[in-house]
Amino acid sequence: MAHVLRRLLSVGETSDAVVAAAPAVPPREVFRRFWPYTRGGRRWLVPIVFFSLVGPAVDAGEIWLFKIVVDDVLVPRDLRPLLWIAPTYLGLIVGSGLLAYADDLTSTWVGERFLLKLRSDVFRHVQGLSLGFFERRRLGDVLSRVTGDVDAVETFLLSGVADALYYTISLGVFLGLLLYLQWDLTLLALVIVPLFWGTARHFSKLIKAASRERRRRSGSISAIAEESLGNVALVQAYNRQDWEEQRFERENIGRFHAAMVSARIRGAYGPLVDVIEVAGGLAVMGLGTWKLAQGQLTLGGLLVFLALIGKLYGPVRSLSRLGTTFYAASASAERIIELLDQRPQVTEAAGARRIGRARGDLEFDGVWFRYPGVASWALTDVSFHVAPGETLALVGASGAGKSTVAKLQLRFYDPDRGAVRLDGTDLRSLRLADVRESVAVVLQETLVFHGTVRENIAYGRPEATEADIVAAARAADAHDFVQALPDGYDTLVGQRGRTLSGGQRQRLAIARAMIRDAPVLLLDEPTTGLDARSGRRIMDPLRRLMAGRTTVVISHNLLTVRDATHIVVLDGGRVVEHGTHDDLLRRGGRYARLHRLHAPEGSVLS
């Protein structure tokens, strides 16, 4: 069993693992990190403690009534005590039920409040991480942590602690009664307690290791499923269903093996504890029977003592089993802690300045940048300046660094050297929200949310009126096709806008940028997905949108580039040429060669 577990764990440590294992965290650190999330619900822990105190007392009362029934009713055959025993027993049963109901309701409220705050905080934290985090991590694994792993933390911190408190109090109550009845029998019964704890301690370590691997595999399964189903069109187009199924099955089998190891551990643990418990019970029963024969113990006393022994071993066994539950839940807590320990690469400086509405003066000054973990530079000493109202076109082959410029402009990353300035101020000195509020974007990957057409356009400015939305759609050449949809602007576009064509999604993205009314525009291939006719039709609205605004265009569209105030040609992350369209053609350099290559097609420049 241990050999299989070691083999499973070694898979999580290899470089080709879909999701790496989270670093181990001591239980004390887990409590320290997550206890603050109980704030606001801690006062409700008092009634939970009260229920934990009263519950065992009621159970003990029911058992004690059984002793009275045997000794005062059955043995002397006197039914008169039943007149008060029956209603008392009924009252205890009703009271026990009410206590259980109140305890369950209160515990659920406290636990769900805890989960509400923790899950919201984890999601908020993930939303604040830099773009680089999402480019390096599997999205499915992140989703698995935000959902399933968060639930397990509540088990570790609240449900488990409440159960531990109840079992501890029960242990104290029943141990006290046992010592009161027969102290020597009680001491004999306690001999097996160290065996309980020793067994639990050994198996808990194995359970934790198996649970950690199972949670890691669950994250891998979510990651592969999200990636494969999110790209299902590509998978089917290339007939890669079998390969994707094999990837999914490989991680599924890994989780199966981890779950089976965990089940075998638990399966071995249960019978072993049963044997220990039965051995203790038999020893007590033997000594108790001898004391009964010697007249040192009544029949009711013996029966009640044996019942109380069961009540004593129950909490002992539950506490030992709870240790394995804690260790299993701590595996999920470690994954959440690792996520919360991630820090954004881009942070807001202390005392960051507010700029209000920017004028739109944009400058790249000697910018050097390379992506984390990559040896080569994505940008090398890139400099350019765009005055308010001007348009800069960035051209170059794929991988030249054009999209990297866009990411730095939005401050998804910060330069390693040099500076990006807005209105003469380094972006790192400005409030991050203000920097991004100053920019409207149409990214190369057309991003559309599951929702209505209206909601997708208004995403650029949530407070926009219906007239604003329609005007933006008209300007983006989207109004006519929207009107033709089944429910017009109330039509649901599906996940990632899959009910729309590529060109329609692009025009919605352009309308979203138009409605934002920001002083700086970032257009990354703004006419991607549009046919030649729609591309020509969109140029007039784009020109109106660009008028009076600073615009950076990453485009292969000849018309868009030709209209630019200034053109920068990038190659291998360096500026190799810059100037106007006519100037660059006269120089006969790289831009001119690209122009001669594509000009006959009339729509592509680089």
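Modeller: Contact, as the word is used here, means heavy atoms within 4.5 Å. Helices (H or I, at least four residues) and strands (E, at least two) are DSSP runs, numbered from the N terminus. The structure is a predicted model, in which local features need pLDDT of at least 70 and side-chain atom pairs count only at pLDDT 80 or more, while totals for chains, interfaces and linings use all residues. Residues are numbered from 1 along each chain as its sequence is written, and side-chain values use heavy atoms, with hydrogens and water left out.

Colleague: How many helices and strands are there in the protein?

Modeller: The protein has 21 helices and 10 strands. Of its 606 residues, 47% are buried, a term for under 20% relative accessible area, with exposed meaning over 50% and partly exposed in between (1.4 Å probe, protein chains only). Among contacts with a separation of 6 or more, 78% link residues 24 or more positions apart.

Colleague: How is a pair of packed helices to be read, and at what angle do helix 2 and helix 6 pack?

Modeller: Two packed helices are described by the angle between their axes and the distance between the axes. Axes are lines fitted to C-alpha atoms, for helices over the stretch in contact, and angles run from 0 to 180 degrees between N-to-C directions. Helix 2 (residues 27–34) and helix 6 (residues 139–181) pack at about 90°, their axes being 10 Å apart. The two helices are therefore roughly perpendicular to each other; angles under 35 degrees count as roughly parallel, over 145 as roughly antiparallel, 65 to 115 as roughly perpendicular and the rest as oblique. Helix 2 contributes P27, V30, F31 and F34, which meet V153, F156, L157 and V161 of helix 6.

Colleague: Let us turn to the sheets. What is the order of the strands in the open sheet of 6 strands?

Modeller: Strands of a sheet pair through backbone hydrogen bonds, either parallel or antiparallel. Two strands pair if DSSP finds at least two bridges between them. The open sheet of 6 strands has the order 6-7-8-3-9-10, and its pairing is mixed. Its edges are strand 6 (439–442) and strand 10 (574–579), each of which pairs on one side only. On average, neighbouring strands of this sheet are turned by 15° against each other, direction ignored.

Colleague: What is the order of the 4 strands in the antiparallel sheet?

Modeller: That open sheet has the order 2-1-4-5. Its edge strands are strand 2 (379–386) and strand 5 (425–426), each pairing on one side only. Strand 1 (residues 362–369) pairs with strand 2 in the antiparallel sense over 5 bridges, and E363 stands opposite H385 of strand 2. Helix 12 lies across strand 1, strand 2 and strand 4 (417–422), at about 115° to strand 1.

Colleague: What is a nonpolar core, and which residues have the most contacts inside the largest one?

Modeller: A nonpolar core is a set of buried Ala, Val, Leu, Ile, Met, Phe, Trp, Tyr and Cys residues joined through side-chain atoms within 4.5 Å. The largest has 34 residues, and those with the most contacts inside it are V453, I457, Y489 and L508. Helix 17 (502–516) is among the elements that each supply at least two residues of this core; its share, 7 residues, is the largest. A second, separate core of 30 residues includes F369, L394, V405 and V568.
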